[in-house]
Amino acid sequence: MEEKGTVSRNFIEQIIDKDLEEGKYETICTRFPPEPNGYLHIGHAKSILLNYGLAKKYGGKFNLRFDDTNPTKEKTEFVDSILADVKWLGADFEDRLYFASNYFEQMYEAAVLLIKKGKAFVCDLTADEIREYRGTLTEPGKESPYRNRSVEENLELFENMKNGMYEDGTKVLRAKIDMASPNINMRDPVIYRVAHMTHHNTGDKWCIYPMYDFAHPIEDAIEGVTHSICTLEFEDHRPLYDWVVREVGYEHPPKQIEFAKLYLTNVVTGKRYIKKLVEQGIVDGWDDPRLVTIAALKRRGFTPESIQMFVDLCGISKSQSSVDYAMLEYCIREDLKLKRPRMMAVLDPVKLIIDNYPNDQIEYLDVEMNLENPELGMRKVPFGRELYIDREDFMENPPKKYFRLFPGNEVRLMGAYFVKCVSFEKDETGKVTEIHCTYDPETKCGSGFTGRKVKGTIHWVAAKTAIHAQVRLYENIIDEEKGVYNEDGSLNLNPNSLTVLNDCLLEPALAEAKAYDSFQFVRQGYFCVDAKDSKEGAPVFNRIVSLKSSFKLPKAEG
């Protein structure tokens with residue numbers, strides 16, 4: 001551990017430091033406790049990396065535990081996706097993979113103990129009646145007419161609940177705390193309900209299930225979690241958390257600490273909204289690259305390192321705030337710019353013919369992998385008489401300060417030669433179909449030629465060796481000008497969130513690219529091989545992010 005004063009501690013680390021100094025805990029244990037009712041998103045990544053980072057920093061343990069107490073929404077598919085996401089982010093839970101459902105017996109016994117202590121009772125009020133009796137923020141609640149049942153009657157009724165003798169919604173077990181508490185969560189909360197549902201882990205063994213606020217502190221206590229770190233919406237639930245671990249009698253109660261959630265501007269994170277997008281076929285799954293689920297970010301081409309950088313930049317605080325999506329894009333650019341090769345890809349091709357270049361000759365040119373990082377070395381790129389360039393790199397009547405190709409102008413073909421446009425051809429619609437040039441063999445890149453300079457450099461691929469590929473360009477799935485939601489609560493979707501280009505031409509080396517391999521395409525941005533739709537020898541590329549950004553890191557104070 002670093003010496004005191006050498007680093008700035010966030011408020012959670014300050015609490016942990018104090019607890020360790022005072023001997024409250026010998027070592028720390030944190031956990032990430034997702035409910036398997038959907039895929040994880042970027043906000044969960046913050047929680048995962050925070051909890052794992054704290055355990056690693058203090059030489060403690062980090063657990064992964066599925067909070068699977070609600071069988072109505074949980075699926076094995078979600079369990080598998082969460083496991084994959086946590087591992088991909090690099091949060092090592094070693095052999096400490098737990099399920100809340102494995103503790104159902106202990107939770108049932110804890111509930112029986114509360115009944116025996118006179119701290120819990122079976123209630124026959126309906127859900128609507130319980131809400132009505134609860135009171136408001138300004139008015140105290142009203143006690144249930146079933147609150148003073150005897151211990152013996154409560155034990156019998158609770159056992160009958162467990163044995164399947166009552167229909168869903170007819171009976172609940174409630175903690176007996178204080179209906180006049182200023183904290184509504186303490187007004188005799190429901191801790192068990194009847195639900196005849198098949199559970200993904202325990203099957204049909206149980207027909208009663210614990211409520212989250214009762215189950216969660218017990219899970220933490222059983223696992224020896226020392227610091228139960230959660231988001232701010234659980235701050236008002238903390239007295240109930242503490243009440244449960246105290247009344248059930250755990251000797252070393254965990255300490256709940258709340259921090260601010262990560263809010264990203266103009267993105268969809270709500271599970272019910274994503275579920276609807278998937279069901280309506282608007283996206284091709286929970287991992288559609290336009291989403292910010294962790295699976296989607298991985299498929300899009302984001303890296304664990306970029307997400308860690310993003311979480312670090314966001315910081316840990318008690319204040320709610322929103323972060324611009326551009327900061328996430330900044331992090332992936334920073335991570336990739338020195339690591340990935342810079343390749344040539346023509347997304348909107350038009351043929352360029354070098355009239356004075358030998359007809360059947362293919363020449364292999366040495367081109368740098370990454371101009372900013374010479375350590376990545378060189379590669380051989382085939383060059384010939386017929387090439388393809390991007391359509392936007394030629395104009396018949398260019399405006400001022402257009403330095404690319406136009407009649408009579410000379411440019412450098414990247415890594416190759418100077419070429420001069422001598423003519424061009426159009427089809428009957430007026431679309432340019434071929435550009436004719438001549439080249440100067442003295443101007444080969446790397447030859448030391450200094451005779452004259454040109455202002456424009458354009459990228460290209462050789463027609464004979466180019467590979468065909470599909471390239472997908474993404475924009476935000478949300479129409480940013482209108483905001484995320486309409487007045488009726490529906491999403492403001494951007495109709496142009498996905499553009500599919502089917503006739504792109506790429507350097508032949510890219511034919512061997514594998515799922516998740518990423519590259520910089522010259523002038524176009526960073527791209528990643530799609531893991532779902534690519535086939536061997538026919539990769540599909542997703543644009544991770546464009547090259548330029550308006551985002552600027554805030555200057556450090558002082």
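I began at the start of helix 1, where a side-chain oxygen of Asn-10 comes to within 3.0 Å of the backbone nitrogen of Ile-12. I count a polar contact as a pair of N or O atoms within 3.5 Å; within protein, one must be able to donate a hydrogen and the other to accept it, and residues adjacent in sequence count only if both atoms are side-chain atoms. The model is predicted, so I kept local features to pLDDT of at least 70 and side-chain atom pairs to pLDDT 80 or more, while totals for chains, interfaces and linings use all residues. Residues are numbered from 1 along each chain as its sequence is written, and side-chain values use heavy atoms, without hydrogens and water.

**Helix 1**

Helix 1 spans residues 11-21. Helices (H or I, at least four residues) and strands (E, at least two) are DSSP runs, numbered from the N terminus. I looked up burial next (buried is under 20% relative accessible area, exposed over 50%, partly exposed in between; 1.4 Å probe, protein chains only). Phe-11, Ile-12, Glu-13, Ile-16, Asp-17 and Asp-19 are buried. Their cover includes helix 2, strand 8 (227-231) and strand 9 (255-259). After the helix comes Gly-23, with a positive phi near 75°.

**Asn-37**

Is Asn-37 buried or exposed? It is buried, because its relative accessibility is 17%. Asn-37 sits in the loop between strand 1 (29-32) and helix 2. I list contacts as heavy atoms within 4.5 Å. Leaving out residues up to four places away in sequence, Asn-37 touches Lys-73, Glu-74, Phe-78 and Lys-271. With Lys-271 there is a side-chain to side-chain polar contact of 2.5 Å.

**Nonpolar cores**

I define a nonpolar core as buried Ala, Val, Leu, Ile, Met, Phe, Trp, Tyr and Cys residues joined through side-chain atoms within 4.5 Å. The largest has 42 residues. Ile-42, Val-86, Leu-264, Ile-307 and Phe-310 have the most contacts inside it. Elements that each supply at least two of its residues include helix 2 (42-57), strand 2 (61-66), helix 3 (76-89) and strand 27 (540-545). Which helix gives the most to this core? Helix 12 does, with 7 residues. I then checked Val-86: beyond four places in sequence, it contacts Phe-32, Leu-40, Ile-48, Leu-64, Ala-91 and Phe-93. A second, separate core has 33 residues, among them Tyr-103, Val-122, Ile-218 and Val-248.

**Cavity**

I searched a 1 Å grid over the protein atoms alone; a cavity is a set of points where a 1.4 Å probe fits but cannot get out, and lining residues have an atom within 4 Å of a point. Points are joined across faces, edges and corners, and a volume is the space filled by probe spheres set on them. I found 1 cavity of 30 Å³ or more. The largest cavity holds about 70 Å³. Its lining includes Tyr-212, His-216, Cys-230, His-237 and Gln-256. Helix 7 (212-223) gives the most, with 4 residues. Helix 8 (238-248) supplies at least two.

Asp-188 has a positive phi of about 45° though it is not a glycine. Asp-188 lies in the loop between strand 5 (172-175) and strand 6 (190-194). Asp-188 is buried, at 1% relative accessible area. Arg-523, also not a glycine, has a positive phi near 70°. I place Arg-523 in the loop between strand 25 (518-521) and strand 26. Arg-523 counts as partly exposed, at 32% relative accessibility.

Key: 1 Å grid on protein atoms, 1.4 Å probe; cavity = no way out; pocket = protein on both sides within 12 Å on 5 of 7 lines; lining within 4 Å.
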